[in-house]
Amino acid sequence: MTYTRSQLINALTNEYAMLTHDSYDPDDMTAAEFVDYLHTLSDSELVTEADTDNVDEFILTYTS
């Protein structure tokens with residue numbers, strides 16, 4: 001599978017929403033702030049942010 005920058009940002013956004021949903025911390029970025037942050041990153045930094053050995057699987061997990 002090949003992926004686009006948009007798919008990776010979408011997956012990272014969904015993962016962030018899931019991770020912060022049950023463990024709210026006032027110091028956490030809002031969802032909108034997190035998306036803005038992601039857009040400042042290069043493609044390689046987005047992959048690093050995903051913190052996975054399999055980006056395709058990460059995208060499938062957080063976009064399905």
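Predicted model: local features only at pLDDT ≥ 70, side-chain atom pairs only at ≥ 80, totals over all residues.
Which residues does L12 touch, not counting residues up to four places away in sequence?

Figure 1. Leaving aside residues up to four places away in sequence, L12 touches F34, L38, L46, E49, A50 and F58. L12 is also among the residues with the most contacts inside the largest nonpolar core.

**Figure 2. The largest nonpolar core, with 14 residues.** Those with the most contacts inside this core are L8, L12, L38, L46 and F58. At least two core residues come from each of α1 (5-21), α2 (31-40), α3 (43-50) and α4 (55-63). Helix α1 gives the most, with five residues. In soluble globular proteins, nonpolar side chains tend to be buried together.

**Figure 3. The aromatic pair F34 and Y37, one of three aromatic pairs found in a search of the whole structure.** The ring centres of F34 and Y37 are 6.0 Å apart and the planes meet at 40°, so the pair is tilted. Both residues lie in helix α2, three residues apart, which is about one turn of the helix. F34 has 6% relative accessibility and therefore counts as buried, whereas Y37, at 30%, counts as partly exposed. Together with Y16, F34 and Y37 form one aromatic cluster.

**Figure 4. The aromatic pair F58 and Y62 in helix α4.** The centres of the two rings, F58 and Y62, lie 4.9 Å apart with their planes at 50°, so this pair is tilted. F58 and Y62 are separated by about one helical turn because they are four residues apart in α4. Both F58 and Y62 are buried. F58 is also one of the residues touched by L12.

How values were computed. Residues numbered from 1 in each chain as written. Heavy atoms only, no water. Core = buried A, V, L, I, M, F, W, Y, C linked by side-chain atoms within 4.5 Å. Buried < 20%, exposed > 50% of the residue type's maximum accessible area, 1.4 Å probe, protein only. Contact = heavy atoms within 4.5 Å. Phe/Tyr/Trp six-rings, centres within 6.5 Å; stacked < 30°, edge-to-face > 60°.
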